[in-house]
Amino acid sequence: MTDTTARPIKELDHVVIRFAGDSGDGMQLTGDRFTSASAVFGNDLSTMPDFPAEIRAPAGTLAGVSAFQVNISDHDILTPGDEPDVLVAMNPAALKANVGDLPRGGTLIVNSDTFDERSLTKAGYAASPLGDGSLDAFTVYEVPMTSLTIEATKEAGAKPRDAERSKNFFALGLLTWMYTRPEEPTLQWITERFASKPVVAASNTLAFKAGHAFGETAELFSNAYEVRPADLAPGEYTSITGNVALAWGLIAAAHLAKLPLFLGSYPITPASDILHELSKHKNFGVRTLQAEDEIAGVGAALGAAFGGQLACTTTSGPGVDLKAETIGLAISLELPLLIIDIQRGGPSTGLPTKTEQSDLLLAMYGRHGESPLPIVAAKTPSHCFETAIEAARIALKYRTPVILLSDGYLANGSEPWKLPNAEELADISVPFATEPNHEGEFWPYLRDPETLARPWAIPGTPGLEHRVGGIEKAEGTGNISYDPANHEAMTHIRAAKVAGIAKELPGVEVDHEDGADLLVLGWGSTYGAIGAAVRRVRARGQKVASAHLVHLNPFPLDLGEVLSRYRQVLIPEMNLGQLSRLIRAEFLVDAKSLTKVQGQPFRASEIENKILEMVSA
Amino acid sequence: MTDVSVPVTTKKDWSSDQEVRWCPGCGDYSILTAVQMLMPELGVRRENTVFVSGIGCAARLPYYMNTYGMHGIHGRAPAIATGLAVTRPDLDVWVITGDGDALSIGGNHLIHALRRNVNLTILLFNNQIYGLTKGQYSPTSEVGKVTKSTPFGSVDTPFNPISLALGAEATFVARTHDMDRKHMMETFRRAHAHKGAAFVEIYQNCNVFNDGAFEQITGRENRASQLIPLVHGEPIRFGAEQEMGVRLDGQGRAQIVRVADVGEEHILVHDEAREEPGLAFTLSRLARGPHEPTPIGVFRAVERPDYGAALQQQLVEAQERKGPGDLKALLSSGATWQV
Ligand code: SF4
């Protein structure tokens, strides 16, 4: 462990650190490295990157500020933290954009070299906030990071312009010392990552060590802090983001289904990382097609599904709109297909890099005609893994498109994940049809009486040649039918097939407390904030219950009964009340909505306050 | 290519039990017959054959084939067929489309399927009109076309489908017409044999909404003087006495000439295998519409790796390099730690 004998070490149970700088300052990288070092150290953690939509927003401006928040803890935590305890601001714009979130008494570390007139003007400061008293509520450390970095990296031989770019590693070294993180993982990572650029590797290493040494020796810092390892369940852990967990879940699902995996996708933020990740794993037999557009992405997936693949498409925002027509065809063809929607702020281009949960009603109703399909939603980054498998299981068993909802917060956020035992994951394979099913003929719409699924007969199977299409089909034969009674019957059958999935779903898991008469009901990525809020409310001695839905269509069978046990129901959502509308319509329950659409997840305190208001009413 | 284990079949084996529902006299019937008659000759199996279509009159064809088939959505057949063809290289995938389906709503999918060289046989029924929606002008209708949606005449410049396909890097591009079954069958046979995306434009008469659109060139008595057969390795000649021919003028433009006037040695010899598509493009511009001498046959047939095979190759190489996928190893492939 790091030698910090020069200063006393204070123990903390958790700390929330936000790294903020210009887009070009490498803040995401810095945050990510700090997180990795903490993960290896055994802390529980939760992260939230926050970056601008513009790839190269003007340097030094508020629009160009990029931030990464990490919450590290010695106990299990649910969110990246409401407010930072420590803010690292690499320039005036980063300070201005983030200081509002820093609570009184918080720690502020600034790169004082950047507080020159030009940068201050760009950030919209008339005068430097350093020394004008406006930051008096905080413990401020002014560190000339740029000049110290240039000085420290001289021996690496980089030009000053390039040397200056290592300043994020200086900041990382400083924070590594302050929070007693192990140095070794980061030093090793630098060597590997920059192996092909020895000068950069040397500069970054020197900057990192200089930052660490600065913390150790400078008189500025009275304490180093330690956040001890968390008491997590024993096992092998890795740190994982939602998008990688989702990609791995798809690979696992294909493995469990004994089918090849096909992804048809068009690049779109924040879903593209799933395409990137899956493209790497060709040795699993994964085929990825970067299609000409969103429509072709899902179209190709549907073609692959017809051919017997586990087929999926990944998208976000406007991409989901474009796929609606093909999803409707998949409903009519009754073929398994996964549509993965990494929700982002809308409408239209909206907030491409920011999170929102505003596609639930789109998933539910966003197609013409009566076109029901199952919907599942992931609740944490690592939960994306098992949600992908569950979506695939439903799609294959019931021969239906399934929409999986994740969002920008889950996609890019990370958490430690106890690795599942690959051998213990349940088989989800289904048989293809191989024989005629009706008096020597093959009827493609003759259903399994239990699941109402139709047979999946793939091309290449002799004797089962058949045609499918988007025109209404006669039940049984699958031939084109314009018969009015048949259309009504088929409409009801398609609805009943999806509704029938509820029969096999587990009941709602309620975190109940005796005496609670308020139920907080959530779905998707609000899981962490709701859980933290419920804990805080209980810590205040108030009673509250909570439940979180993974299956949004159909709902678990006992949901109505669960809701009826509570006098009040609160549904926090990052939209204008979409689940609450479904719940009110389905169960005639007077659910109260708590909404937020700022492109940022809920803070636990926002939900906590609402619960307190309701329980004391 | 003939697999002796493939059972002998007849046209009837390839015809489904569904009643064919095009308007009486529609050119689609003769195209369907040509396809159904060709299939027994190809040495392929019904279960390995898939017809995928979009929306429009032509798109009904898969229902009439006793094979696997999908009647998809408007314009999207090339995209759907791409997913099928790249994941199932063992299948013969045909795309049946029309001028509205392929060139208007589905233009993007068509050009990308051609560019990628997906192993598909694409038959575009060009009748220069919207039939199923009852008679609006299409992206191949001539300027000035009076239809329900253009009562004062269309002001849109039409696509030339052959020029478009060549511009989209298609490796096989051909034209045929619904009045000549033998020519259709021969063209389809070549298209089917081609590895990669094969594009065939078929001049097809819609006798209800655009009757006689191609009569000036495909009518029995007009063909000899109005259709210019492209035959690989042969001088490009036509006319009842083969008295007409095509040559390149000093500017590199294709020009119709009397053979006697310029001498046989100056008649252009057709080379469908030319890597550079410029000359094929020039030939595609010879006629401004189906009312003057028009080339038919194979404009271009070149080899390029097909997309599905290239993707398959990457899979094989990845498995050779890394071994078959191991889920357990994947899950612990990042930095892991024990608690
Ligand atoms: S509308 Fe025209 S193209 Fe369509 S079936 Fe009738 S004749 Fe044929």
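How many residues of chain A are in contact with chain B, and how many of chain B with chain A? The count is 68 residues in chain A and 57 in chain B, contact meaning heavy atoms within 4.5 Å.

## Basis

This is a predicted model, in which local features need pLDDT of at least 70, side-chain atom pairs count only at pLDDT 80 or more, and totals for chains, interfaces and linings use all residues. Residues are numbered from 1 along each chain as its sequence is written, chains are lettered from A and ligands numbered from 1 in the order in which they are written, and side-chain values use heavy atoms, with hydrogens and water left out.

## Interface of chains A and B

About 5300 Å² is buried between the two chains (accessible area, 1.4 Å probe, lost on being put together, summed over both). Carbon and sulfur atoms give 62% of that area. On the chain A side, Asn283(A), Arg287(A) and Arg467(A) lose the most area to chain B, together 15% of what that side buries.

The interface has 3 salt bridges (a side-chain nitrogen of Lys or Arg within 4 Å of a carboxyl oxygen of Asp or Glu). Glu465(A) forms a salt bridge with Arg46(B). Their closest N and O atoms are 3.9 Å apart.

## Helix α9 of chain A

Helix α9(A) covers residues 242-257 (helices are DSSP runs of H or I, at least four residues, numbered from the N terminus). Its 16 residues reach 22 Å from first C-alpha to last, close to the 22 Å expected at 1.5 Å a residue (1.5 Å times one less than the number of residues).

Of these 16 residues, 14 are buried, so α9(A) is largely enclosed by the rest of the structure (buried means under 20% relative accessible area, 1.4 Å probe, protein chains only). Lys258(A) follows the helix, with a positive phi near 55°.

Technical notes
Helix = DSSP H or I, 4+ residues; strand = E, 2+ residues; numbered from the N terminus. Buried < 20%, exposed > 50% of the residue type's maximum accessible area, 1.4 Å probe, protein only.
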